[in-house]
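Visitor: I'm new to this one. Could you show me how to read a few of its features?

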Amino acid sequence: MVEVLRGDAPVLVIGLGRFGAACAGELDRLDREVLAMDENLELVQKWSDRVTHTVQGDARNIDALKQIGAQDFQVAVVAVGSLIEASVLITANLVDLKVPQIWAKAVSQSHGKILARVGANHVIYPEREAGERVAHLVSGRMLDFIRFDDDFVLAKMYPPKFIRGVGLNESGVRSKYKVTVVGVKSPGKPFRYAEANTVVTNHDLIIVSGTNSDIERFASLDR
């Protein structure tokens, strides 16, 4: 039976390096309760007024995790990926404490495989994912790009000429290029969901979805 987690469940973040601190800070901005743990007292003090709770401790020691109540968390993020042995041991400790959802940072494919075998539910490759994202953006055709595990892509871009000034249903964008315009942003206005009769102008931005190859082909069209 799959356990359903609350969307506002408190999150334990272990490691306050760049990745961990960014994760903890964003969770705090989303009004999630956060307990951030790090061995480094200086980092703990630095973030003490930016997240809900911070604590100094060595998460490689399962007793230290028990003392902070790690076993009571539904979600934990292991953000110490650059220290491979430590990240594996911390992940194993969280598995032993039966934390339902464990997100762990990996620095390589082999590191990620070990984390998954130990019991991490989600393995994150921030450096690799950032590199892939930049590769799609440097062409200048896309303004933002997100790829999901199953090759499903969301991208923000300026609209190609052929879909401007006509309804999306008339442009044939889906039948011709196998992509879907899901959102449109006009200058000075918020994004709105695209509908069949939505007309895109020269000054708009669009959000499109589709496979990686279809999005790349669509992004290369004349603007």
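Guide: Buried means under 20% relative accessible area, exposed over 50%, and partly exposed in between (1.4 Å probe, protein chains only). This is a predicted model, where local features need pLDDT of at least 70, side-chain atom pairs count only at pLDDT 80 or more, and totals for chains, interfaces and linings use all residues. Residues are numbered from 1 along each chain as its sequence is written, and side-chain values use heavy atoms, leaving out hydrogens and water.

Visitor: What do the buried residues of α4 pack against?

Guide: Helices (H or I, at least four residues) and strands (E, at least two) are DSSP runs, numbered from the N terminus. In α4, the buried residues include Ala86, Val88, Ile90 and Leu94. The buried residues of α4 pack against β1 (11-14), α3 (62-67), β4 (75-78), β5 (101-105) and α5 (109-118). After α4 comes lysine 98, with a positive phi near 60 degrees.

Visitor: How many aromatic pairs are there?

Guide: Rings of Phe, Tyr and Trp (its six-membered ring) pair if their centres lie within 6.5 Å; planes under 30 degrees apart are stacked, over 60 edge-to-face, the rest tilted. Searching the whole structure gives three aromatic pairs. Phenylalanine 162 and phenylalanine 218 have ring centres 6.4 Å apart and planes at 80 degrees, so they are edge-to-face.

Visitor: Is each of those two buried or partly exposed?

Guide: Phenylalanine 162 is partly exposed, at 29% relative accessible area, whereas phenylalanine 218 is buried at 0%. Ring pairs also link Phe162, Tyr177 and Phe218 into a cluster.

Note on methods. Contact = heavy atoms within 4.5 Å.
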